[in-house]
Amino acid sequence: MLKHNAISLAPLSPSKTSSKSPKMQTNAFQIIVPKPMIPSLINPPAVHRPPSSTPLLKPPRAISISTPNGGTTTTTTVSPLDVVDDSVTAFWDYQFLFVSQRSEATEPVTLRVVEGAVPPEFPSGTYYLTGPGIFSDDHGSTVHPLDGHGYLRAFSFGKTNGDEVKVEFMAKYVKTEAQVEEHDPVTGTWRFTHRGPFSVLKGGKKVGNTKVMKNVANTSVLSWGGKLLCLWEGGDPYEIEPKTLDTVGKVKLMEGCDPAVETGGGGGGVWDVAARLLKPILYGVFEMPPKRLLSHYKLDSCRNRLLMVSCNAEDMLLPRSHFIFYEYDSSFKEVAKQEFTIPDHLMIHDWAFTDSHYILFANRIKLDVVGAMTAVCGTTPMITALSVNPSKDTSPIYLLPRFPDKGNHNRDWRVPIEAPSQFWLLHVCNAYENLDENGNSEIQIHGSACSYEWFNFQKLFGYDWQSGKLDPSVMNITGSKSLPHLVKVSINLDANGNCQRCDAEPLNEWNKSSDFPVINPAFSGTKNKYIYAAASSGSRSALPSFPFDMVVKLNASTKSVHTWSVGSRRFIGEPTFISKGSEEDDGYILVVEYAVAVQRCYLVILDSKKIGAADALVARLEVPKHLNFPLGFHGFWASDD
């Protein structure tokens, strides 16, 4: 398997539950082992051998540590696999998170409980998790993780005849237009034909390939108004049948919107002309949808509404940004729509809302002329046309009126609030505002952010589009302020809307690398006390910041921090909160454990009240090894009630 220092990973076994077993299984990204090499690791690690009935290693028990009031207590679990030089082991561990899974679990597979037990009172429902499923085809091309076809995973919880709760697993690819074109269901082979925003094809058409907007429906998942939707950052969502995971088709949520209509001012003459010139090229030649529906949505628990936002395709290339905010009732009927044009060049991935505002953090970008020319020619990814713009030392925040006809909106929303420090917003878990008797308001936003230096468009996840390889060191640069971390932004406005104060600081003084913050969804848009997130313990010298290996629980009132660690050489993704009582933290945390040391995936259930205690773990359920899946992005809990 060794050729010019390159190592190919052993293929995954075909799924016994798939209706058609593929003839060929994909490998992970092409990998070059870093030097110096340890002789014993020239051959692939044992975990990449074909599955056997004998487990390679008994899984180490998870560890719980508690860090009250920001203090830190370190607990270390060492397994025999840790003896190897961590720089090489860490390199392989990182690759294992991105091993393609070509098989589908087309019929429910009952998961085996390997630790603890699922409580009889556990709510009935389904945990959906989406993310990329495949990273390389059969013709020499690899794609960035963000360009991997959406692979929807479903964990369904239901009662049996007695009190026992059965958990069943299914997984299918979202049959998008690109997926149907690139996959041959008869032979099970793949040929990538779409470039995607972050990739360049090696084995397909490279120069002159205008198939740029590869809607892979891999970023987030939502159940609302009787529809299950998989979303992507650059197009319409795809509807999925909830029980079978079959793809129904595209949902035209933005149909009827005129991309030429703009309200709210900003932009001005020359950019209007530029937009008119760009539209025929982007819409016609590159077949981009006129509007991009962002993958992050918000649920207003008080009004029982779904909030979504879109922007124009040409905004990515112009120093002005046009946003439309949509609000839907529980039957998916549009009940409100607001349009805003902001005179700045922005890239928005996530955002916030309160009872009175939509809130946009101005992640500022700029056009790279040389990169744009090579991207249009097809020799570099389309994303090379853009670069981050750290020209300001502050972080602009736009407070957009949610209900312009209500309340006092004297301030000009085109003028942003300036946070005193520079940061790039990644995700928001909640925002809320308090109004006093004099009309003054305080807005608080909790989320995750990183530095402009760390957020490199072309190197997200450490992917090198030129070599098609993954480098974990890119995600683990030194400097705590550079890495993803949890933040609290506080804004004080007087009765006229004038900003009196704006602060941005680490949430609860927690300075470890963290992302994917979530809350009890019943408190969305209102004042909450508890925040949960994925975090890194920093125990790995070669992987100190990413991937994450802890669930952290922060109490915004007492400033305490509690953590649960998954253990040695195991990683986690985004946590999801499931409520079971009236108290804010009375519930469960669902999180997927990627046990790279033994090449297994587990669904972990935690007691959200007990995070930090030794008995926080409720149950761990094992996904069959032949159905292992790569790192997921965002999930959603859909209750049967």
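**View 1. Cysteines without disulfides.** Zero disulfides (pairs of cysteine sulfur atoms within 2.5 Å) turn up in a search of the whole structure. This is a predicted model, in which local features need pLDDT of at least 70, side-chain atom pairs count only at pLDDT 80 or more, and totals for chains, interfaces and linings use all residues. Residues are numbered from 1 along each chain as its sequence is written, and side-chain values use heavy atoms, with hydrogens and water left out. The closest cysteine sulfur to that of Cys-502 belongs to Cys-499, 5.5 Å away, too far for a bond. Cys-502 counts as buried because its relative accessibility is 10%, whereas Cys-377, at 42%, counts as partly exposed. Buried means under 20% relative accessible area, exposed over 50%, and partly exposed in between (1.4 Å probe, protein chains only).

**View 2. The largest nonpolar core.** A nonpolar core is a set of buried Ala, Val, Leu, Ile, Met, Phe, Trp, Tyr and Cys residues joined through side-chain atoms within 4.5 Å. The largest has 89 residues, and Phe-155, Phe-157, Trp-424, Ile-605 and Phe-629 touch the most other members. Another core, of 29 residues, lies apart from it and includes Ala-217 and Phe-332.

View 3. Asp-93 sits in helix 1 (residues 86-96), a helix being a DSSP run of H or I, at least four residues. With 0% relative accessibility, Asp-93 counts as buried. Beyond neighbours within four places in sequence, Asp-93 is in contact (heavy atoms within 4.5 Å) with Arg-540, Arg-569, Phe-571 and Val-596.

Definitions and conventions:
Helix = DSSP H or I, 4+ residues; strand = E, 2+ residues; numbered from the N terminus.
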